[in-house]
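User: I would like to go through this model with you, one topic at a time. Could you take my questions as they come?

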Amino acid sequence: MAKQHEIETLIDERLDDEIGTIYKTAPYRVTLLYPSPYRIGMSSLGFQSLYRALNASDSIVCERAFLPDDTDRFRAARKPLFTYESKTYISEVDIIGVSVSYELEVLGLIEALELAGIPARATERSKRSWPLILIGGPITFANPLPIAPFADIMILGEADELIHIVCAMWFEAKDRASFYEKAATLPGVYIPHIHGEKLVPIAQSRDDLLPAYSVITTPHTELSNMHLVENARGCHRGCTFCVMRRTTNGGMRTFSPERVLSTIPDHAKRVGLVGAATMDHPKIKEIVRSIVESGREIGLSSLRADRLDDEFVGLLAQGGVRTLTVASDGASERMRKIAKKHIKEKHLKHAAELVARHGLKQLKLYMVFGYPEETEDDIHEMVEFVGELSSICKVALGMSPLVAKKRTPLDGEPFEDKKSLEKKIRIVHQGLGKSVDIRSTSVRWAWVEYQISQGGWDMADVAEAVYADGGGFAAWKRAIKKYKKTVVNITRPIDDRIRPGALMKDFDVSDLIG
Ligand code: SF4
């Protein structure tokens with residue numbers, strides 16, 4: 001049986017290895033909970049940025065909690081889930097802010113609440129003494145309905161500004177009913193038991209609260225010891241499969257090189273520029289050059305093949321980049337055109353030539369397949385073209401089945417037949433052999449993700465049944481068959497109601513908080 005002190009020792013070792021951890025006391029306690037383990041949560045810019053911003057308030061101490069790495073071991077230690085910094089039980093804080101990034105984290109959310117001794121369903125938390133469960137995060141840009149029954153309140157879209165307002169309202173509230181009544185009037189705030197399955201518009205934060213940037217560096221994440229900062233928010237393009245397209249977030253906002261660079265602490269040896277479209281920043285070269293010339297390593301969350309040139313890749317190489325990762329997001333020229341990705345073969349070929357010229361290790365190419373109009377001819381075209389690329393430089397290929405998302409033009413499109421998708425993967429393996437390192441997302445789990453992303457509140461019933469049934473794929477299949485209703489009823493109304501750009505700056509909250 002795991003001993004409690006072993007778990008605490010592991011956490012203390014992680015804390016010792018962090019730079020930037022905030023320890024403080026204040027009248028109100030907020031826990032930011034990540035429903036996946038530490039290694040993943042600490043790579044989230046949004047999670048880190050809110051931790052920093054909430055702790056900037058004199059009245060709030062904000063600490064972190066994560067889904068334990070080994071939940072069985074944690075459960076065996078018989079102690080409720082607690083925060084990293086002060087080991088406070090999260091069931092005893094004022095607010096638990098949960099950041100959910102993608103659909104399958106719903107099980108992590110249910111498990112984390114169970115480990116904390118908190119009822120998962122909002123309907124079971126009617127007493128004022130339960131912490132307020134506030135859910136936000138990237139998933140709210142797509143479809144928050146499947147996790148809504150677990151939330152007392154949700155922030156849809158950008159939380160940088162709204163989270164402070166919601167916290168202040170909750171601290172002042174005498175009872176839940178009056179709090180919900182006030183909070184429901186805020187643009188971007190969705191309260192499931194008040195709004196039902198009718199979503200409110202997505203929120204945008206004030207520009208002066210941006211950019212988001214991290215405060216803690218740690219060696220124990222995917223992005224080891226890296227300072228994260230966004231140089232742009234949103235995207236001005238319109239790829240049909242992408243939730244971050246311009247219709248979701250009202251376009252792209254860029255931050256000046258001075259603002260971006262001013263967030264970098266002296267101790268940071270590595271800097272990651274994060275954003276949906278980092279390379280579309282008009283001064284991206286200037287930002288990258290400043291970071292690299294300061295002797296730091298650089299990383300970018302997204303590279304566009306059509307914007308790479310010799311100088312830029314030279315800077316990346318100087319900044320320690322060994323792999324150029326680009327997305328083609330369509331198997332053929334025809335599919336990329338339909339997906340409005342606007343990346344052509346000539347751009348990808350040029351990227352491969354730059355990898356070779358600058359002595360980089362490889363070109364990593366991401367591809368979405370399984371679009372409604374796609375045929376095996378498109379896959380054959382891709383096999384031929386990737387084969388051509390691999391004669392220029394080493395190529396790794398990542399393949400993901402299309403998962404149609406809400407708030408995109410592909411919303412409501414069916415998930416391609418699993419056998420057909422698996423056949424396409426076989427065609428790629430047979431055609432490219434061992435010359436290319438091919439990694440494909442599991443078709444079965446992409447299907448589960450599709451079911452959740454197209455679902456409504458009924459998916460909360462599904463998720464609870466799956467959790468009770470062990471969480472495996474067969475459990476998802478059984479529960480979806482038993483509990484999931486048709487998606488048709490909720491598909492169109494969501495699109496009609498959602499409009500980008502509910503701006504907090506146009507909203508006076510002075511009469512809502514003291
Ligand atoms: S795939 Fe990239 S370029 Fe296209 S809309 Fe999404 S973020 Fe923008």
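This is a predicted model: local features need pLDDT of at least 70, side-chain atom pairs count only at pLDDT 80 or more; totals for chains, interfaces and linings use all residues.

User: How many nonpolar, polar and charged residues does the contact of α11 with α12 have?

Analyst: The contact between α11 and α12 has 4 nonpolar residues, 1 polar residue and 3 charged residues.

User: At what angle do the axes of α11 and α12 cross?

Analyst: The axes of α11 (residues 284–293) and α12 (residues 310–318) cross at roughly 30° and come within 9 Å. The two helices are therefore roughly parallel to each other.

User: Is the crossing of α11 and α12 left-handed or right-handed?

Analyst: The crossing of α11 and α12 is left-handed.

User: What about α15 and α16, how do their axes cross?

Analyst: Helix α15 spans residues 376–390 and helix α16 spans residues 418–432; their axes cross at roughly 30° and come within 10 Å. Helices α15 and α16 are therefore roughly parallel to each other. Their crossing is right-handed.

User: Which residues of α15 and α16 meet?

Analyst: From α15, the residues are Glu-376, Ile-379, His-380, Val-383, Val-386 and Gly-387, and they meet Lys-424, Ile-427, Val-428, Gly-431 and Leu-432 in α16. By class, this contact of α15 with α16 has 6 nonpolar, 3 polar and 2 charged residues.

User: Next pair: at what angle do α5 and α18 pack?

Analyst: Helix α5 (residues 106–116) packs with helix α18 (residues 458–468) at an angle of about 65°, and their axes are 10 Å apart. Angles from 65 to 115 degrees count as roughly perpendicular, so α5 is roughly perpendicular to α18. The crossing of α5 and α18 is right-handed.

User: And which residues do α5 and α18 bring together?

Analyst: Val-106, Leu-107, Ile-110 and Glu-111 in α5 meet Ala-463, Glu-464, Val-466 and Tyr-467 in α18. This contact of α5 with α18 has 6 nonpolar and 2 charged residues, and no polar ones.

User: Changing topic: which residues are around the ligand?

Analyst: The residues around the ligand are Cys-235, Arg-237, Cys-239, Cys-242, Met-244, Arg-245, Ala-276 and Ala-277.

User: What classes of residue does that shell have?

Analyst: The shell around the ligand has 6 nonpolar residues and 2 charged residues, with no polar ones.

User: Where are the domain bounds?

Analyst: Domain 1 covers 4–206 + 501–506, domain 2 covers 225–302 and domain 3 covers 314–441.

User: How far apart do the C-alpha centres of domain 1 and domain 3 lie?

Analyst: Those centres, of domain 1 and domain 3, lie 36 Å apart.

User: Now the backbone. Which peptide bond is cis?

Analyst: The peptide bond from Leu-210 to Pro-211 is cis, and its omega is near 5°. Pro-211 is in the loop between β7 (203–204) and β8 (226–230).

User: What is phi of Lys-87 near?

Analyst: Phi of Lys-87 is near 60°, which is a positive value in a residue other than glycine.

User: Where is Lys-87 found?

Analyst: Lys-87 is in the loop between α4 (71–76) and β3 (95–99).

Conventions. Residues are numbered from 1 along each chain as its sequence is written. A residue is near a molecule or strand if its C-beta atom, placed from the backbone, lies within 6 Å of it. Ala, Val, Leu, Ile, Met, Phe, Trp, Tyr, Cys and Pro count as nonpolar, Asp, Glu, Lys and Arg as charged, and the others, Gly among them, as polar. Domain bounds come from an automatic or database domain assignment. Axes are lines fitted to C-alpha atoms, for helices over the stretch in contact, and angles run from 0 to 180 degrees between N-to-C directions. Helices (H or I, at least four residues) and strands (E, at least two) are DSSP runs, numbered from the N terminus. Angles under 35 degrees count as roughly parallel, over 145 as roughly antiparallel, 65 to 115 as roughly perpendicular and the rest as oblique. A crossing is left-handed if the near helix is turned anticlockwise from the far one by less than a right angle, and right-handed if clockwise. Two residues are in contact if their C-beta atoms, placed from the backbone, lie within 7 Å.
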